[in-house]
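Work through these exercises with the structure open. Each task is followed by a solution in steps.

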Amino acid sequence: MNRAIAPEYSKAQHIDLVVPKRIKLTNKIDLYWLDETQDDTVKLDMTWDAGTKYQSKKLTASFTNALLLAGTDKLTANEISEKIDFQGGYISQDLDKDQGGVTLYGLSNKIETIFDIFSENFSNAIFPESEVEKLIDIRKNGFKISMEKVSTLCRQEFNKHIFGQTNEYGKVASLEDFDNVKSSDLQAFYKSIYLETKPTLFLVGKVDASFIEKLRTWAESLGTSASKTINTGFKQTKGRIEIAKKDAIQTSIRIGRLMVQKNHPDYYKFQVLNTILGGYFGSRLMANIREDKGYTYGIGSGLSVLDDSAYFFISTEVAKEVVDNTITEIYTEIDKLKNEFVSENELTKVKNYLLGDFLRGSDGAIAMMENFKNIYFNNLSEDYYTDFIHAINNVTAKQLKDLANKYWDKAEFLEVLAG
Amino acid sequence: MIKYNSFTLKNGLKVIHHQDKTTPMVVVNTIYNVGARDEDESRTGFAHLFEHLMFGGSTHIENYDAPLQLAGGECNAFTNNDITNYYNTLPAENLETALWLESDRMLELAFTPKSLEVQRQVVIEEFKQRYLNQPYGDVWLQFRPVIYKTHPYKWATIGKNIQHIEEATMEDVKNFFYKHYGPQNATLVIGGNVEFESVKSLVTKWYAEIPARDKYIRHITPEPKQTETRRLTIERKVPTNAIYMTFRMGNRLSHDHYLGDIISDILSAGKSSRLFQSLVKNKKLFTDVSAYILGGMEDGIFLFSGHLMEDIDFETAEKSILDEINILIENSISDDELTKVKNKFQTAKAFQDQSLLNRVMNLAMYDQMERIDLINTEKGIYDSIEIDELINFTKKTFTPTNMSVLTIKAI
């Protein structure tokens with residue numbers, strides 16, 4: 001037996017996208033349901049177009065979302081929490097720039113009761129002053145701690161300048177904004193969005209027909225207007241921005257630019273290119289800046305895609321003394337990909353890794369539903385994953401080099417340094 | 001019910017197989033019986049530094065990651081005060097790739113100077129990024145030596161300070177490998193869409209020839225019982241004052257562990273919990289406060305921690321937590337409250353068990369503690385806990401002589 005020779009392996013060939021059943025609850029509210037699960041768990045996501053891009057005042061979307069179950073005329077927040085907890089239920093509230101919603105978790109023998117508690121209290125939320133004030137205190141404290149971190153400062157500043165400070169995607173909150181949060185604003189947002197516009201429901205788990213009927217009844221109480229707006233007018237800053245932080249021993253670096261979204265013809269191949277540069281542990285950036293130079297605990301690159309825009313970014317935290325060296329090395333790696341072809345060996349390695357990653361990301365019903373939600377929210381075809389795998393298998397070194405030259409012009413980048 | 005088989009090779013390697021036909025993946029997990037508790041006090045941070053070095057190449061294989069990525073796999077590892085754990089997730093058909101890689105680095109590391117130099121720098125950056133450059137980041141570096149005076153738990157896994165990592169030599173590294181890494185000090189857990197016979201034959205093929213080294217037997221003197229309240233105040237550039245209060249309790253395998261876990265949930269799990277309602281919402285003393293347990297294999301800690309509201313002083317904060325404990329003792333716990341906590345636990349466990357990686361890691365951890373039976377019986381232990389034993393645990397544990405307090409003053 002020769003230990004120097006690797007055993008044979010096979011390439012992951014394809015993954016099957018499991019498409020959930022689609023059930024129309026009312027004329028316009030859809031329920032997507034995956035019922036082939038292995039256990040008694042049930043997960044229900046309810047998602048609205050309620051992200052921060054819909055608010056007219058900072059923090060409205062996040063506070064409304066956080067306080068959806070903070071009390072009605074009949075029950076306090078505590079009483080509602082007690083009831084849900086007693087059923088072994090968990091609730092998470094989720095928010096990003098585009099969507100906002102609520103997720104329920106529970107076991108199948110309790111999920112109907114959990115949903116009853118949720119729907120009764122969601123539909124009659126009053127956003128009590130005392131709850132708003134308390135959340136302000138809690139969030140302010142969290143904000144202050146977060147703003148001590150160079151990574152937060154860097155990310156905030158990058159956000160502002162990649163989209164433009166007056167754009168809804170680019171706006172960031174400041175400490176003063178917390179004191180301006182008012183229950184009346186939250187009530188208005190709640191009524192006009194959560195009660196009057198249609199959510200989409202995503203259900204994973206084995207439930208009875210009676211549960212589906214409950215969802216149908218609840219859906220009938222909601223509004224069905226479509227409120228989706230498209231955000232436009234992005235203005236990316238080019239060049240370097242530096243934020244000083246006294247006493248920081250590391251600097252956080254973010255470099256990037258506005259980019260294409262998932263339905264663009266370059267998207268699949270660009271993901272392969274991005275993986276090579278900084279998308280996995282064996283990437284060029286990791287191999288150079290962490291494994292060769294030891295400058296950092298971690299460096300990576302990625303593509304962040306929102307409903308209306310996307311950006312490419314490279315990020316890391318390094319010792320202050322090596323900031324300039326790090327940036328030099330980052331551009332060295334980018335230039336290599338612009339000037340030289342990726343070898344057959346490396347390309348094979350990255351392709352195989354990505355295929356394995358697809359498998360990892362499709363493991364189980366909840367993961368399958370996340371794959372479906374990706375298609376749903378990004379308006380992609382059901383062939384998306386098949387097409388993606390095909391593109392990965394067939395991309396050539398020349399195509400990657402061309403893409404690097406197309407998208408990685410240093411003059412187009414924004415650089416933010418914090419610390 | 002999590003099913004598994006096991007066998008042991010002649011060289012002492014314990015192997016556990018858990019089949020799951022619903023997944024396309026296999027997880028190959030190796031847990032080594034070495035953690036920060038096994039370090040020399042003048043050479044701390046070593047077990048963790050060594051974990052990094054394990055990815056620096058073995059005798060026959062120059063690069064660990066690349067062949068694994070070629071086979072569609074991903075890997076990671078972690079070290080804590082008790083153990084070091086390595087895991088790989090890859091398509092089930094490629095099981096042999098992971099076994100080839102893991103067995104070679106168990107056999108012998110390449111020990112290159114370059115690897116040591118680079119990983120030394122990486123770990124130093126990790127020290128800074130996670131512990132020194134974060135608000136409240138060095139809490140445990142300060143607090144551990146207050147709670148533990150003699151036991152190795154007195155230092156954190158990352159190390160007491162950066163100098164120990166800076167001074168590590170190649171000689172130290174090699175000695176560490178031969179002392180702690182070897183089939184006789186490890187458990188290999190393979191879980192996923194793979195058959196037992198296949199696992200048995202591939203493991204035998206790659207591991208049987210690895211010679212056993214000396215079995216590591218640890219002799220750690222238990223930390224003596226605490227007999228007085230201990231206090232430490234530190235000043236840091238942080239936005240708000242914070243308080244940490246610990247009470248010693250039984251280790252991960254003791255009945256204390258389960259009682260402490262339930263008590264911590266009653267006190268602080270979820271928005272209906274006692275601490276959140278009383279101290280955050282009603283009395284407005286904290287912006288957040290939690291209770292949780294740290295279940296070390298040698299010894300356990302019950303911890304309260306919180307960030308104070310702006311005009312609240314430390315005495316008030318501390319007293320408010322102690323008052324909640326007294327309320328629990330005097331008024332006891334209702335049946336509904338206990339049922340609530342148990343129901344939440346059942347839901348959480350059901351979701352966690354969906355993850356193949358979680359199941360495999362749990363099998364590894366329990367086997368290291370020589371209690372693999374717990375993987376299926378622990379649920380029953382939680383179910384059978386009763387109110388009077390919870391109250392007795394509370395009375396016994398939360399006493400002044402068992403308490404250490406760290407206050408972080410914002411400057």
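**Exercise 1: two helices of chain B**

Task: find which residues of α9(B) meet which residues of α15(B), and state how the two helices are oriented.

Solution. Start with the residues; note that the model is predicted. From α9(B) come H255(B), D256(B), L259(B), G260(B), I262(B) and I263(B). Their partners in α15(B) are E389(B), L390(B), F393(B), T394(B) and K396(B). Next, sort them by class: the contact of α9(B) with α15(B) has five nonpolar, three polar and three charged residues. Now take the geometry. Helix α9 of chain B spans residues 255-268, and helix α15 of chain B spans residues 387-397. Their axes lie 10 Å apart, at an angle of about 95°. Angles of 65 to 115 degrees count as roughly perpendicular. So α9(B) is roughly perpendicular to α15(B).

**Exercise 2: two helices of chain A**

Task: work out how α3(A) and α8(A) are oriented, then list the residues of their contact.

Solution. Helix α3 of chain A covers residues 111-122, and helix α8 of chain A covers residues 209-220. They pack at an angle of about 5°, with their axes 10 Å apart. The limit for roughly parallel is under 35 degrees. Therefore α3(A) and α8(A) are roughly parallel to each other. On the α3(A) side, the contact uses I111(A), E112(A), F115(A), D116(A), F118(A), S119(A) and F122(A). On the α8(A) side, it uses S210(A), F211(A), K214(A), L215(A) and W218(A). By class, these residues divide into seven nonpolar, two polar and three charged.

**Exercise 3: the interface**

Task: describe the interface of chain A and chain B by residues, area and polar pairs.

Solution. Count the residues: 67 of chain A are in contact with 75 of chain B. The buried area is about 6000 Å², with carbon and sulfur atoms giving 56%. R3(A), K134(A) and Y297(A) supply 14% of the area that chain A buries against chain B, more than any other three residues. Nine salt bridges cross the interface. In one of them, K144(A) meets E310(B) at 3.8 Å, N to O. There are 31 residue pairs in polar contact.

Notes
Residues are numbered from 1 along each chain as its sequence is written. Chains are lettered from A and ligands numbered from 1 in the order in which they are written. This is a predicted model: local features need pLDDT of at least 70, side-chain atom pairs count only at pLDDT 80 or more; totals for chains, interfaces and linings use all residues. Side-chain values use heavy atoms; hydrogens and water are left out. Contact means heavy atoms within 4.5 Å. Buried area is the accessible area (1.4 Å probe) that two parts lose on being put together, summed over both. A salt bridge is a side-chain nitrogen of Lys or Arg within 4 Å of a carboxyl oxygen of Asp or Glu. A polar contact is a pair of N or O atoms within 3.5 Å; within protein, one must be able to donate a hydrogen and the other to accept it, and residues adjacent in sequence count only if both atoms are side-chain atoms. Axes are lines fitted to C-alpha atoms, for helices over the stretch in contact, and angles run from 0 to 180 degrees between N-to-C directions. Helices (H or I, at least four residues) and strands (E, at least two) are DSSP runs, numbered from the N terminus. Angles under 35 degrees count as roughly parallel, over 145 as roughly antiparallel, 65 to 115 as roughly perpendicular and the rest as oblique. Ala, Val, Leu, Ile, Met, Phe, Trp, Tyr, Cys and Pro count as nonpolar, Asp, Glu, Lys and Arg as charged, and the others, Gly among them, as polar.
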